[in-house]
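Take a look at the protein below.

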Amino acid sequence: LTNARKEMIRIFNESGKPLTVQEVHQGLHHTTADLASIYRSVNLFCELGILTKLDFHDKQYRYELSDAFVPHHHHLICTQCGTIDNVFEQCLPEGFEEKIHKQRGFEVESHILEFYGVCGTCAESSS
C-alpha cells in the first residue's frame with residue numbers, strides 16, 4: 001500500500017460524497033501521483049470491493065467507499081448545480097428484498113437508489 005493509495009483512502013473517507021478521479025487528484029496534498037496512477041488505483045480499489053463506481057449520467061464516473069466501509073446509503077442529485085448529497089435513512093420497507101425473493105425467486109445482492117431534483121440552495125435562488 002503506497003503513500004498515495006493511503007492518502008486516496010483518507011480522501012474518500014473524509015469526503016462524505018462521491019468523488020471523481022480529478023477531485024481525488026486535487027485532494028492529494030502529501031504525495032504526488034499522476035492521473036493515470038490514480039485511475040489505476042481507483043480501478044484496483046473497485047476490483048477489491050473497497051470503492052463503488054457510480055454513474056449519475058453526467059458523463060463522468062464518481063467513486064465512494066463501498067458499503068463494507070460506510071453505512072448503506074443513497075444519493076440526492078441536484079439537476080441544476082450538480083450537488084450530490086448522501087441519504088442514510090432507510091430506503092426500502094423492511095422485508096422488501098425478502099418479498100422480492102419469495103415472489104420472483106430473485107436474490108437481491110445490492111441496490112442503488114438515486115433521487116434527482118433541485119437542492120434547497122438552487123430552489124431558494126430561483127424563487
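## Pockets, a strand residue and a sheet

Thirteen residues line the second largest pocket, and those nearest its centre are Phe 12, Gly 16, Lys 17, Val 70 and Asn 86. Keep in mind that this is a predicted model. The space in the second largest pocket comes to about 150 Å³.

Which element gives the most to the lining of the second largest pocket? That is α1, with three residues. Helix α1 spans residues 3-15, and strand β2 spans residues 61-65. Both α1 and β2 supply at least two residues of this lining.

Now turn to the largest pocket. Its space is about 220 Å³. Among its 13 lining residues, Asp 67, His 72, Ser 110, His 111 and Ile 112 are the closest to its centre.

The table sets out the two linings by class.

| Pocket | Nonpolar residues | Polar residues | Charged residues |
|---|---|---|---|
| Largest pocket | three nonpolar residues | six polar residues | four charged residues |
| Second largest pocket | six nonpolar residues | five polar residues | two charged residues |

Next comes a residue of strand β2. Leu 65 has its place in this strand. Is Leu 65 buried or exposed? Leu 65 counts as buried because its relative accessible area is 8%, and buried means under 20%.

What does Leu 65 touch, leaving out residues up to four places away in sequence? The list is Phe 12, Asn 13, Ile 50, Leu 51, Thr 52 and Val 70. Leu 65 and Thr 52 are 13 residues apart along the chain, yet 6.1 Å separates their C-alpha atoms.

Strand β3 covers residues 74-78. Strands β3 and β4 pair in the antiparallel sense, over four bridges. Which residue stands opposite Ile 77? Ile 84 of β4 does.

Methods
Residues are numbered from 1 along each chain as its sequence is written. This is a predicted model: local features need pLDDT of at least 70, side-chain atom pairs count only at pLDDT 80 or more; totals for chains, interfaces and linings use all residues. Side-chain values use heavy atoms; hydrogens and water are left out. Two strands pair if DSSP finds at least two bridges between them. On a 1 Å grid over the protein atoms alone, a cavity is a set of points where a 1.4 Å probe fits but cannot get out, and a pocket is an open set with protein on both sides within 12 Å along at least five of seven lines; lining residues have an atom within 4 Å of a point. Grid points are joined across faces, edges and corners, and a volume is the space filled by probe spheres set on the points. Ala, Val, Leu, Ile, Met, Phe, Trp, Tyr, Cys and Pro count as nonpolar, Asp, Glu, Lys and Arg as charged, and the others, Gly among them, as polar. Buried means under 20% relative accessible area, exposed over 50%, partly exposed in between (1.4 Å probe, protein chains only). Contact means heavy atoms within 4.5 Å.
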